[in-house]
Amino acid sequence: RQRLRGRPIQCITGSAGFRELPLAVHDGVLIPRPETEVVTGEALALIRGLGAPRVLDLGCGTGAIGLSIAFEHPTARVVAVDLAAAAVANTRANAEALGLCERVQVVAGDLFAPLTAAGVEPAFDLIVSNPPYVRHGDIAALQPEVRDWEPHLALDGGVDGLAAYRRLIPQSEAWLGPAGHLVLELGDGLSAAVAELVAAAPWLTPVAVRPDLGGVPRVLVAGRRGC
């Protein structure tokens, strides 16, 4: 009956699989998707050889990216941030259930804004984000399971889908370490525009744009200039 009303199966069961993790999924939180598994894989590859990397996950949702990094890299320390109270609660619950609380700090707030007050220091080895990137005018045409059940805060990227990127990329300068990397999930058709935003940031060097399993450009990787 709930499916007939359009409610996603992950919300009905309260769970979703993501890479190696079983994640609880609460109402009001973006459901993890296979495309984001590709983003997480690229992020993990960048820190594989580091002894105790510091990772910042912006817009954590269920915690899928940050918790997977902490789970698959046993010495990584992760700070996960989200503006939505439901997402903060969901990530904290998943971190506790997975036994990752000692290495995962969950912070409530908008992008980098709450970090200083939370006692978080800069110089992250990796900043990763799956930001909102659906064009505002396209939201009404999304599948009902998405449009009616998932939070628009996690979907709506403004008029052109780039609003979050325009804020996140400039603010990353103060928080990215000297040899750090920025990894961003890309919305459909946005790869060239986001690459231009990265190219305009003098502290960043574009490294690569990677496709997802469907061949769609999905992951942008940039490095701190000089690394």
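I looked for aromatic pairs and found 2 of them in the structure; rings of Phe, Tyr and Trp (its six-membered ring) pair if their centres lie within 6.5 Å, with planes under 30 degrees apart called stacked, over 60 edge-to-face and the rest tilted. Phe112 and Trp175 make a stacked pair, because their ring centres are 6.3 Å apart and their planes sit at 20°. That pair bridges 63 residues, from the loop between β5 (104-108) and β6 (124-129) to the loop between α6 and β7 (176-185); helices (H or I, at least four residues) and strands (E, at least two) are DSSP runs, numbered from the N terminus.

A note on the source: this is a predicted model, where local features need pLDDT of at least 70, side-chain atom pairs count only at pLDDT 80 or more, and totals for chains, interfaces and linings use all residues. Residues are numbered from 1 along each chain as its sequence is written, and side-chain values use heavy atoms, with hydrogens and water left out.

Next I checked burial (buried is under 20% relative accessible area, exposed over 50%, partly exposed in between; 1.4 Å probe, protein chains only). Phe112 comes out buried at 4% relative accessibility, and Trp175 is buried at 9%. The rings of Phe124 and Trp175 have centres 6.5 Å apart and planes at 40°, so I logged them as tilted. Here strand β6 holds Phe124, 51 residues from Trp175. I noted Phe124 as buried too. Ring pairs join Phe112, Phe124 and Trp175 into a cluster.

Last, I found Arg54 over the face of Phe124, 4.3 Å from the ring centre (the cut-offs: NZ of Lys or CZ of Arg within 6 Å of the ring centre and within 35 degrees of the ring normal).
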